[in-house]
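Please look at the sequence and the 3D structure below. The paragraphs after them go from the overall shape to single residues.

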Amino acid sequence: MAMLTVRSIPEEVHRALRVRAAQHGHSMEAEVREILESAVSPKGRVKLGSLLADIGRQAKLTDEEFAVFEQVRDKTPARPVSFE
């Protein structure tokens, strides 16, 4: 894992981080990791599976129409890519 050193943090910021970590029951290091992770995570991220399921619901497919997809779906297990 990568490491990061942050220098010259104002004393009031350091104190606030220490208090916030204590309130959440974390170490200061764990609290900073959580803050950084939430800061760079995209808001409202939609996962592909959820998006496809929503499209299916909006299309109001019947069970018979959905069964057609299941019949033609390739059920062959995926093979890893070879670069040789």
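The text below begins with the whole chain and then turns to its parts.

This is a predicted model, in which local features need pLDDT of at least 70 and side-chain atom pairs count only at pLDDT 80 or more, while totals for chains, interfaces and linings use all residues. Residues are numbered from 1 along each chain as its sequence is written, and side-chain values use heavy atoms, with hydrogens and water left out.

The protein has four helices and zero strands. Helices (H or I, at least four residues) and strands (E, at least two) are DSSP runs, numbered from the N terminus. Read from the N terminus, the order of elements is α-α-α-α. The protein has a radius of gyration of 24 Å, well over the 12 Å that the globule rule gives for 84 residues, so it is more spread out than a compact globule. That radius is taken over C-alpha atoms, and the globule rule is 2.2 Å times the number of residues to the power 0.38. The C-alpha trace spans about 65 × 45 × 20 Å along its principal axes.

How many of the 84 residues count as buried, as a percentage? The value is 4%. Here buried means under 20% relative accessible area, exposed means over 50%, and partly exposed lies in between (1.4 Å probe, protein chains only). The protein exposes about 8300 Å², and carbon and sulfur atoms supply 58% of this area. Accessible areas come from the Shrake-Rupley method with a 1.4 Å probe; for residues, only the protein chains shown count as cover.

Two pairs of residues that lie apart along the chain give a sense of distance in the model. Glu37 has its place in helix 2 and is exposed at 55% relative accessibility. Between the C-alpha atoms of Glu37 and Val68, which are 31 residues apart along the chain, the separation is 42 Å. Ala78 sits in the segment after helix 4 and is also exposed, with 77% relative accessibility. Ala78 and Ala2 are 76 residues apart in sequence, and their C-alpha atoms are 32 Å apart in space.

The charges come next. The protein has 13 positive and 13 negative charges, and the mean positions of the two sets are 5 Å apart. In this count Lys and Arg are positive and Asp and Glu negative, with His and the chain ends not counted. A charge is placed at NZ of Lys, CZ of Arg, CG of Asp or CD of Glu.

Side chains of opposite charge can pair when their charged atoms come close. A search of the whole structure finds four salt bridges, a salt bridge being a side-chain nitrogen of Lys or Arg within 4 Å of a carboxyl oxygen of Asp or Glu. One of them joins Arg33 and Glu29, at 2.9 Å from N to O. Both residues lie in helix 2 (residues 28–40), four residues apart, about one turn of the helix. Arg33 is partly exposed at 47% relative accessible area, whereas Glu29 counts as exposed at 56%.

Another salt bridge links Arg57 to Asp54, with the closest N and O atoms 2.5 Å apart. Arg57 and Asp54 both belong to helix 3 (residues 48–59) and are three residues apart, about one turn of the helix. Arg57 is exposed at 56% relative accessibility, and Asp54 is partly exposed at 33%. Arg73 and Glu70 also form a salt bridge, their closest N and O atoms being 3.0 Å apart. Arg73 is partly exposed at 46%, as is Glu70 at 33%.

The surface also holds a nonpolar patch of about 500 Å², made by Leu4, Val6, Ile9, Val13, Val32 and Leu36. Patches consist of residues with over 30% relative accessible area and no salt bridge; like charges are joined within 9 Å, and nonpolar side chains (Val, Leu, Ile, Met, Phe, Trp, Tyr) within 5 Å. Val13 is placed in helix 1 (residues 11–24) and is partly exposed, with a relative accessible area of 37%.

The backbone is the last topic. Most residues other than glycine have a negative phi. Ser8 has a positive phi, near 60°. Ser8 lies in the segment before helix 1 and is exposed at 74% relative accessibility. Lys60 also has a positive phi, near 55°. Lys60 is in the loop between helix 3 and helix 4 (63–72), where Lys60 is exposed with a relative accessible area of 68%.
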